[in-house]
Amino acid sequence: MKISTKMKKALQDQVALEGLASNSYLAMASWCEITGYRGGAAYFYAQSDEERTHMIKVVHYLNDMGATATIPAIKAPTATYKSLEGLIKSALKSEQTVTKAIHKMVEIAQKEKDHSTYAFLEWFVNEQVQEETKFETILQKFDLIGRDKIAVNEIDKILAADAAAPPAEPAA
């Protein structure tokens, strides 16, 4: 089976985007770790692994479709943050960028009547709903609990609990 040049490029771009997300979350985890946010560190180390898994999923798909994946160089992510809340806002923005890219690929697949790629992308569409909701919910905690040291410590504990919970599968 073949995919179009346009779809191959979009999928290759997605490999880079998922790799950047993985590295960004790794940098966020490291910042959390050295800043004393153990829950945030555990949470973002897990997020980094998840994004790498997404990248590998796209690589396998490209290869399975005979479109040989190319593994790109990935630029260094931001390594410092002013606050845990600012870091979570950056993570949400990253997920929103990924969502837009996936929606663009879905539109290409629909236009080209590429049913195989459309079916492959459905999982990512559902996954992105969960990803954005996850970070929006964490940001709501700052409004609900507060932004003082005790509140931020509680949010860090929530992140630790989320990191320890088994990952939810996106709705099929």
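A residue is called buried when its relative accessible area is under 20%, exposed when that area is over 50%, and partly exposed in between (1.4 Å probe, protein chains only). The model shown here is predicted, so local features need pLDDT of at least 70 and side-chain atom pairs count only at pLDDT 80 or more, while totals for chains, interfaces and linings use all residues. Residues are numbered from 1 along each chain as its sequence is written, and side-chain values use heavy atoms, leaving out hydrogens and water.

**View 1. A21 in helix 1.**
Let us start with A21, which is found in helix 1; helices are DSSP runs of H or I with at least four residues, numbered from the N terminus. A21 counts as buried, because its relative accessibility is 2%. Leaving aside residues up to four places away in sequence, A21 touches E51 and S94, where contact means heavy atoms within 4.5 Å. From the C-alpha atom of A21 to that of Q47 is 8.8 Å, although the two residues are 26 apart along the chain.

**View 2. S24 and the end of helix 1.**
S24 also has its place in helix 1, which covers residues 5–35. With a relative accessible area of 15%, S24 is buried. Residues up to four places away in sequence aside, S24 touches P77 and Y81. After helix 1 comes G36, with a positive phi near 100°.

**View 3. Helix 2 beside helix 3.**
The axes of these two helices come within 13 Å and cross at roughly 15°; axes are lines fitted to C-alpha atoms over the stretch in contact, and angles run from 0 to 180 degrees between N-to-C directions. That makes helix 2 roughly parallel to helix 3, a term for angles under 35 degrees. The contact is made by F44, Q47 and E51 from helix 2, together with L87, I88, A91 and E95 from helix 3.

**View 4. The two faces of helix 5.**
Helix 5 runs through residues 149–164, and its 16 residues reach 23 Å from first C-alpha to last, close to the expected 22 Å; the expected span is 1.5 Å times one less than the number of residues. Which residues of helix 5 are buried? They are A151, V152, I155, D156 and L159. These cover an arc of only 145° around the axis, so they lie on the same side of helix 5; the arc is that of the directions from the helix axis to the C-beta atoms. The buried residues of helix 5 pack against helix 2 (38–64), helix 3 (84–112) and helix 4 (115–145). On the face turned away from this buried side, helix 5 carries the exposed residues I150 and A164.

How values were computed: Parallel < 35°, antiparallel > 145°, perpendicular 65-115°, else oblique.
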